[in-house]
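Keep the viewer open while reading.

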Amino acid sequence: MEIETKRSKLIGWVLQNAKLSSSFFFVIVFAIVILIVRQRYQIVQESKRIYISSILENVKQRFEQLNKTNQNVALTLALTIDNEGNPREFEEVAEKIIKSNPYLQAVQLVPNGVIKYVYPLKGNEKALNHDLFKDGGLNLIEAKKSENLKQLYYQGPVKLMQGKIGVVGRLPIFIKNKFWGFSAVVITLDSLSSMTGLNVKAKNYQFQLAKNNPLTGKEEFFLPYNKEFKHRHTTSITIPEGDWKVYAIDEDASDNLINILPVLLLGVSMTLICSIFLFKFLRKQAELTDILDKRTHELILAENKYKTIFDHAGVGIGRVNSITGEFLEVNAQLCNLLGYSASELQQTKIKSLIHPDDLREDRTQFKSMINGQIKNYTAERRYICKDGEAKWAQVFVTLLWSEGEELNNHIIIVEDITSRKDYEQELIASKQHIANLINSIDGIVWEKEIHENGYESSFISNKVYDILGYTPEEWLSDPDFHAKHLHEDDHEGLFNYVNEFLLKQQNHEREYRIRAKDGSIVWVKDIVSVTPSVQNPEKLRGIMIDITAQKEAQDSLSKSFALVREQNERLLNFSHIVSHNLRSHAGNIHGIVALIEEAQTDQEKKELLHLLKKVVDTLNETLSNLSNIVNINTRFDILKEPLNLKQYVEAAISTLNGQIISQRATINNHVAIDIEVIFNKSYLESVLLNLLSNALRYTHPDRKPVINIENRMQDDCVALIITDNGLGIDMQKNKGKIFGLYQTFNGNNDARGLGLFITRNQIEAMGGKIEVESVLDEGTSFKILFAPNKVN
């Protein structure tokens, strides 16, 4: 009752003081309008800030996604480089990358700062062979920065050598801890803007991309903007991979205060308008609240979407504590892959699942990542499942903490590649089986590519080493290796023959000579086929069969035939000599016998008999001479060939090893290893054994035998000197008898006087000669002069 009374009094006072109430109402409404307008201005500014921040966050995420894609592209290009620093299959890999990432202008490999590999080459020719380190300026500074950072870093935007404005992302490559060069991606500014959303056109905001020029220190802007750039109306983010700043410019910032003035004027002039503005404010507040609620709902949906992707991904995903190595979170696919439940994996350390043979490499890569050298890595690992089976998987590991933060956790993404690995092993085994079959063929299997300028070897079997002494790598290292090692007399004829049969579209075979690695000449029979067909030749395939033994047999048969023919001619001449000489002596004897029969006195008969005796003696002498002629003319040519003198000396020493040990003799073999002589094998063995055995047989009783063997050159001939410290020979007494038949000098009972006679005849038969120097009781030195090296 009392409250009602007071309210009535208040209403009455208001009615009685209308002007004051109106003024008071005006003041209150004006104050409320001021408060409402101020609150509305703050809410609009905050909403716009949140809105622009969310847009910038989206741009940053798109930059990060683009950077990850470029990182994978650069790593993929880097993997084409082998351990020797040579790119393998660059064109094929680059083509696939460009097809998968059409926003890329080009990809490059830049060994030692020189752009050597570009794909596609068309339109990018000017960039080829450009040296970044010699160019100086921005190219040098930002290339060096990428090398020092050891991560993907973007230069630009700059005007590319191809003519457009763009950026170049370079990933430094290190092989065996040594800088090799860069793996680079080239993106035009338009493609960069499109991929990151910087080209979006809106009424109330606009993007600008900026970067400090390291030469001038001034901030440069790269996107078109019609107005003067003012930092006070902008919100920005930093993209560290290129040291860029992305600004979101508020286009309506200068109009915000002007827009408030009508509200204030309306609030002062009319309380109704103030009420309307209040209503609009409340409605706007509801709208803004609705926007906030909607954004919150979108964030919840995004989180749920991430959870759905995590749980239902087609690859295994796990979040791991980077300090302890324990799983914090795993998805169903990872559980299925390893055979563990989620709870079991969350009680398991990641290193216990990695195969022991792969654990060391994984530790090295993980250590590099936590030390900041790399942000992520990809590798192929074997994982031990619950049932003990080892499965191959391709694993991608990346950090989940930012630079400067403490060690936290990381994500692993595991894809089962066991089937692929099994297939690769089967393919390798199949290739090895085919290679074994080819290498088991008793001949050199080969293949050559047919080009406009000639032929290039693309395959050679391992038999090339057994037959010719060259490794397959040596053969394939030079496109003209085959041609360079043909016998000079066969080179032109062989290539004319091959070209003739290619022109006739025929398969063919040919015999020719090749020089082996040891310098010997090998005869081969080359059976050649043309593929895919003789009408459309692209390759030559063939097999070279060693026919050296066959050729040598043919040569030997030809020589034997020639020798027999020559011997027959000699025997024919000999028969003429025998016939002539015997006919003369027979005529003389017949005439003397006739005279004896007609002799009248004994004195005549006696004289005729004496004459007959002289004729018979002459006949005996003639028969002896004819016998010598027979011996000379019935000798066959003795085979001569190049022989390594040191090897035969060592063989003779080995044969006499028992005598050397029993005599406690010292043999000093100083013959050079590369000396060859033209001699008969059996003769050389006989000569060396006779001379060395004599040196061991006729040793001095008062000293241990020492035999020195050496070689020297004398008048373009090889001289072999064998010196001993034995009994020696009295040269004044026996100088003319040393090489005579049945001559002995030291009174040994077992001496027959044949050895030196045979030795001299063998040496002279080979076109050489032997000399001797000796001092009694001091020793003997024999010098053999071999004939000049001309093969018989």
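## Confidence first

Helix α1 (residues 2–16) has the lowest mean pLDDT among the elements of the chain, at 57, while strand β24 (residues 717–724) has the highest, at 94. The model is predicted. Its mean pLDDT over the chain is 79. A value of 70 or more is reached by 77% of the residues. Over residues 628–635, pLDDT stays under 50. For that stretch the model has nine contacts beyond four places in sequence.

## Overall make-up

The chain has 23 helices and 26 strands. Of its 792 residues, 37% are buried. The exposed surface comes to about 47,700 Å². Carbon and sulfur atoms supply 53% of that area. Among contacts with a separation of 6 or more, 53% join residues 24 or more positions apart.

## Nonpolar cores

The largest nonpolar core has 42 residues. Leu104, Val107, Leu192, Phe207 and Val246 have the most contacts inside it. Helix α2 (residues 18–78) gives the most to this core, with 10 residues. Another core lies apart from it and has 38 residues, among them Ile638, Ala665, Ile763 and Phe782.

What does Val107 touch, not counting residues up to four places away in sequence? Its partners include Val73, Leu77, Phe90, Ala94, Ile97 and Ile98. Tyr117, Val118, Tyr119, Ala184 and Val185 are touched by Val107 as well.

## Helix α3

Helix α3 spans residues 90–100. Phe90, Val93, Ala94, Ile97 and Ile98 are buried there. Seen down the axis of α3, the buried residues fall within an arc of 135°, so they line one face of the helix. Lys96, Lys99 and Ser100 are exposed on the other side of α3.

| Residue | Place | Relative accessible area |

His130 is in contact with Gly113, Val114, Ile115, Asp135, Asn139 and Met161. Trp244 is in contact with Phe63, Tyr154, Gly156, Pro157, Val167 and Leu192, among others. Its contacts also include Leu209, Ala210, Lys211, Ile237, Thr238 and Ile239. Trp244 and Leu209 are 35 residues apart in sequence. In space they are 6.9 Å apart, C-alpha to C-alpha.

## A hairpin

Strand β12 (residues 376–384) and strand β13 (residues 390–399) run antiparallel. Nine bridges join them. Tyr377 has Val397 in β13 as its bridge partner. The two strands, β12 and β13, form a hairpin with five residues between them. In the turn, Gly388 has a positive phi of about 90°.

Technical notes:
Residues numbered from 1 in each chain as written. Predicted model: local features only at pLDDT ≥ 70, side-chain atom pairs only at ≥ 80, totals over all residues. Heavy atoms only, no water. Helix = DSSP H or I, 4+ residues; strand = E, 2+ residues; numbered from the N terminus. Buried < 20%, exposed > 50% of the residue type's maximum accessible area, 1.4 Å probe, protein only. Contact = heavy atoms within 4.5 Å. Areas by Shrake-Rupley, 256 points an atom, 1.4 Å probe, with all protein chains shown as cover. Pairing = 2+ DSSP bridges. Core = buried A, V, L, I, M, F, W, Y, C linked by side-chain atoms within 4.5 Å. pLDDT = per-residue confidence, 0-100. Arc of directions from axis to C-beta.
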